[in-house]
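Hi,

Here is the model I promised to pass on.

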Amino acid sequence: MDLAFIPSPSVGVVHLGPIPLRGYAFCIIIGVFVGVWLGNKRWVQRGGRSGTVADIAVWAVPFGLVGGRLYHVITTYEPYFGPNGHPLDAFKVWEGGLGIWGAVALGAVGAWIGCRRRGIPLPAYADALAPGLALGQAIGRWGNWFNQELYGKPTDVPWALKISSDPAIGRIGGTYHPTFLYECLWCIGVAALVMWADKRFRLGHGRAFALYVAAYCAGRAWIEYMRVDEAHHILGLRLNVWTALIVLVLAVAYFVVSAKKAPGREAVVEPGAQPAEGADGATAEDADDADRSDDAKVSVEKPSSKTVSEDDRETKTEAGADGAEESASDEPGDKKDGDATDAPAADSAKPAGSGSTKKS
């Protein structure tokens, strides 16, 4: 008897009159909004304009949805184009089936078109959007919970996922590993890792996006290995495991090569916008420290006007004292007899008609 487990919803869709409200679609939509919201905040912090991320997302999101669906249909073609398949079901995106590999690949094409129209470098846009993509995936994975799909191997752990039986599609009831929850938590950790590393090391030129891709692939490889749904295998491994490993290697290679060829971060990410603080490896804190250092240097090298004024007064006072001493030493009583320069003064000091030579 299972004492604890995660229950699955009895239905994945609620009808509002003739309009179906599907949990899977809601999770995808909410994930997109969260990704764009966080991407916009990071874009503004990098020196871009608010709203640019949403404008480019108008191109990226539709391309991503088409790419995700194409990847799923191509790699799992049997329900659509195999024996007794239904080709029109390939368009029923709301029933589940979006491959993240195709979504990111074709979504990048849409983002490239949007960036080219705005004159924006795609790597800078991808760096700003990377953590938001991871959070969007974390939310979107709950759509699998609503559809009771993509779960792992049978287990009796307390956090096991309860799956109801459905003979129509061959689903066997029981408790299974909640791989959707594992991937959700992993994506949240990836988002936190990318934001920390981006702030700590000033990642630029697509390296924050490459870190997101590498970290996600590392987790997706072991989570994918736990799944029990039908999939194509190559050399004993599921196709998505191989995809995750190959993309992981490519992301790491790009990170290393980019760091050597284009160190630092873009100074300007959007035409007409202000350069971001801390571009090309300099942080805002470094700029503040430099300003404070310059102010201190000026205050030391340039004396204040008050000091100059006091020095002038002291100089004038000393000059006046010296002049007074010289005047005192030149008094008539100290003059020598016969001094040519004092003779007229001595004569003029005599009273009229007096023959005395005594000085007054």
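Predicted model: local features only at pLDDT ≥ 70, side-chain atom pairs only at ≥ 80, totals over all residues.

A word on naming: helices (H or I, at least four residues) and strands (E, at least two) are DSSP runs, numbered from the N terminus. Residues are numbered from 1 along each chain as its sequence is written.

I'd start with Glu183, which sits in helix α7 (residues 179–201). Glu183 is buried at a relative accessible area of 3% (buried is under 20% relative accessible area, exposed over 50%, partly exposed in between, with a 1.4 Å probe and protein chains only). Its side chain makes a polar contact of 3.0 Å with that of Arg141 (a pair of N or O atoms within 3.5 Å; within protein, one must be able to donate a hydrogen and the other to accept it, and residues adjacent in sequence count only if both atoms are side-chain atoms).

Now the charges. The structure has 14 salt bridges, each being a side-chain nitrogen of Lys or Arg within 4 Å of a carboxyl oxygen of Asp or Glu. One of them pairs Glu224 with Arg238 at 2.9 Å, N to O. Glu224 belongs to helix α8 and Arg238 to strand β6 (residues 237–238), so this bridge ties together parts 14 residues apart in sequence. Glu224 is buried at 1% relative accessibility, and Arg238 is buried too, at 7%. Arg238 also bridges to Asp229 (3.3 Å, N to O), and Asp229 is partly exposed at 23%. Through shared partners, salt bridges link Arg141, Glu183, Arg220, Glu224, Arg227, Asp229 and Arg238 into one network.

Another bridge joins Asp55 and Arg118 at 2.9 Å, N to O. Asp55 is in helix α2 and Arg118 in helix α4, so the pair connects parts 63 residues apart in sequence.

As for α4 itself (residues 100–118), its 19 residues reach 26 Å from first C-alpha to last, close to the 27 Å expected at 1.5 Å a residue (that is, 1.5 Å times one less than the number of residues). Its buried residues include Trp101, Gly107 and Cys115. Just after α4, Gly119 has a positive phi of about 70°.

Finally, which disulfides turn up? A search of the whole structure finds zero, a disulfide being a pair of cysteine sulfur atoms within 2.5 Å.

Cheers

Definitions and conventions. Heavy atoms only, no water.
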